[in-house]
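Please examine the sequence and the three-dimensional model shown below. The explanation after them is meant to be read alongside both.

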Amino acid sequence: MPLKLTLKPNERLIINGASIRNGDRSSTIIMETKCKFLREREIMHESDANTAAKMICVTLQIIYLNDNPSEAMELFYRQAADMMAGALSTAPYILAIQQELEAQRYHAAIKKGRELIAYERKMLDHASSAASAATAA
């Protein structure tokens, strides 16, 4: 079954590793064969990966787009172990990502990675609030 994507003006799309940018008008693309793709709103740039969870998400994108992801998988497991060593409460999120990777549902693993980012943000906000409260007291 073909997949129909409508791209916004100047929206970027990665298809099988090739970066494509739409022109100055909306357009529709119909993908008639199976391929690996990420829309611009799904892409985490390496330069934006300023936390452990975001770095994991960049690695998950590499795994998804790569034909032979074994090297990137090893990197994911190292990053995951480091993250859990620093915050054991991230283990359920890491396990969910690992399960998707083992089932070769790489796009689903990226979605689970976004949940990890949201959890990490919540933890960092809580730590920041606690530090501010301690300073004010």
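The model is a predicted one, in which local features need pLDDT of at least 70 and side-chain atom pairs count only at pLDDT 80 or more, whereas totals for chains, interfaces and linings use all residues. Residues are numbered from 1 along each chain as its sequence is written, and side-chain values use heavy atoms, with hydrogens and water left out.

The protein chain contains four helices and five strands. Here helices (H or I, at least four residues) and strands (E, at least two residues) are DSSP runs, numbered from the N terminus. Read from the N terminus, the order of the elements is β-β-β-β-β-α-α-α-α. The C-alpha trace of the protein chain spans about 60 × 35 × 25 Å along its principal axes. The chain has 137 residues, of which 35% count as buried. In this account, buried stands for under 20% relative accessible area, exposed for over 50%, and partly exposed for values in between (1.4 Å probe, protein chains only).

Strands of a sheet pair through backbone hydrogen bonds, either parallel or antiparallel. In this model, three strands form an open sheet in the order S3-S2-S5, with antiparallel pairing; two strands are taken to pair if DSSP finds at least two bridges between them. Strand S3 (18-21) and strand S5 (37-39) are the edge strands, each pairing on one side only. On average, neighbouring strands of this sheet are turned by 20° against each other, direction ignored, where the axes are lines fitted to C-alpha atoms and angles between N-to-C directions run from 0 to 180 degrees.

Strand S2 (residues 12-15) pairs with S3 in the antiparallel sense over four bridges. Ile14 has Ser19 in S3 as its bridge partner. The loop between S2 and S3 holds Asn16, which has a positive phi of about 50° although it is not a glycine. Arg39 belongs to strand S5. Arg39 is buried, its relative accessible area being 9%. Its side chain reaches the backbone oxygen of Thr6 at 2.7 Å. A polar contact of this kind is a pair of N or O atoms within 3.5 Å; within protein, one must be able to donate a hydrogen and the other to accept it, and residues adjacent in sequence count only if both atoms are side-chain atoms.

Attention now turns to helix H3. Ile94, Ala96, Ile97, Glu100 and Leu101 are the buried residues of H3. These residues cover an arc of only 160° around the axis and therefore lie on the same side of H3; the arc is that of the directions from the helix axis to the C-beta atoms. Pro92 and Glu102, on the other side of H3, are exposed. Gln104 lies in the loop between H3 and H4. This residue, which is not a glycine, has a positive phi near 60°. At 59% relative accessibility, Gln104 is exposed.

The aromatic residues complete the picture. A pair of aromatic rings is described by the distance of the centres and the angle of the planes. Rings of Phe, Tyr and Trp (its six-membered ring) pair if their centres lie within 6.5 Å; planes under 30 degrees apart count as stacked, over 60 as edge-to-face and the rest as tilted. How many aromatic pairs does a search of the whole structure find? The search finds two. Phe76 and Tyr77 form an edge-to-face pair, with 5.1 Å centre to centre and 65° between the planes. Phe76 is buried at 0% relative accessibility, whereas Tyr77 is partly exposed at 33%.

Tyr93 and Tyr119 form a stacked pair, with 4.7 Å centre to centre and 25° between the planes. This pair links distant parts of the chain, since Tyr93 is in helix H3 and Tyr119 in helix H4 (residues 106-136), 26 residues apart. Tyr93 is partly exposed, with a relative accessible area of 25%, and Tyr119 counts as buried at 17%. Helix H4 also contains His126, which is exposed at 59% relative accessibility. His126 and Tyr93 are 33 residues apart in sequence and 18 Å apart in space, C-alpha to C-alpha.
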